[in-house]
Amino acid sequence: MRRLVWSLMSVAALALAGCGNSSDSSQNATQGGETPASTGTPAKANAITGSITLRDASQQVSPAAKLVLTLVDVSAQDATPLATKTVDSANTFPLSFELPFNPADVNPAGLYVLKADLVDGDRHYTPPLQTQVLTKGAPTQVSIQLVAEQTAGEKEFAAFTAVQKQIGGMKISNGTKLDDKVSRGWQVFREAGEVKFIREQVDYGDKGFTSTDYAYKDGKPWVVVQQKKSSKDAKPTSTERAAWAQDGSLVLKTEDSNGKTSPLGDDEAASLQKQAESILNLATGGKGK
């Protein structure tokens, strides 16, 4: 009889424990997370946020710099940007940003990229790799490093330097001319019958000395680099550079003087172009080649 009573008590205890666990489980299910049936779908993100830095922190960016942000679906041809924004005075880094967009316009199957272009005068800073965001598991918060691109003038000057290194393999001819108090001599470098390069030295007597490299494309001045000295063997007091694109636009104009680089005036650049045309005409007897 005692054994039967203990058995009944054990069954009752187990039943009560089961009821308690069932109640706790139901409470935990409610507190532990939202279910689709009770809460619906989560809210969508409505902005891309993050920070911009320069890979080379030593580079100086002026207060006139502007940051242009563009959110675009690169999987769609000629897609209209989902969002764009321009940040003025973008010269303090790291630079935080927020780019709002309309979640209803997002194509879940699209491939979205955040394009960042920092523009400071002729200089552009862009990320070396695309920054994927928003869809296909990509984040909505990113950190972007920007790298300085070559300016149009720097690209032309780099190409000029490459040609300059090759002139030793070109056909060379020489010439001289003596005017009143001015003595000049030059070397002409041709390739495939076309003048590619002229190196000229001009002695102005008491007025100084110039050493100039002229490069040409299609018979037109391309790049001019002129050193000005007090005499032939003296160190340059200044170095002027000018370059023109294929369409004739001036893309490089700089002057190095007293250890500093500054913009070369338009009149000085035009003078270098005129000198390039003059020496080409003189060295080729007016033929231009």
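Student: What is Ile-48 in contact with, once its neighbours within four places in sequence are left aside?

Tutor: Leu-71, Phe-97, Glu-98, Leu-99, Phe-101, Leu-114, Val-133, Leu-134, Thr-140 and Val-142; contact means heavy atoms within 4.5 Å. Mind you, this is a predicted model: local features need pLDDT of at least 70, side-chain atom pairs count only at pLDDT 80 or more, and totals for chains, interfaces and linings use all residues. Numbering starts from 1 along each chain as its sequence is written, and side-chain values use heavy atoms, leaving out hydrogens and water.

Student: What makes something a nonpolar core?

Tutor: Buried Ala, Val, Leu, Ile, Met, Phe, Trp, Tyr and Cys residues joined through side-chain atoms within 4.5 Å; buried means under 20% relative accessible area, exposed over 50%, partly exposed in between (1.4 Å probe, protein chains only). The largest here has 27 residues, with Ile-48 and Leu-114 among those with the most contacts inside it. Strand 5 (112–120) gives the most, four residues.

Student: How do you know that the span of helix 4 agrees with its 18 residues?

Tutor: Helices (H or I, at least four residues) and strands (E, at least two) are DSSP runs, numbered from the N terminus. Expected span is 1.5 Å times one less than the number of residues, so helix 4 should span 26 Å, and its end C-alpha atoms are 26 Å apart.

Student: Why do you say its buried residues line one face of helix 4?

Tutor: Seen down the axis, they fall within an arc of 105 degrees, so they line one face; the arc uses directions from the helix axis to the C-beta atoms. Exposed Asp-267 and Lys-274 sit on the face turned away from the buried side.
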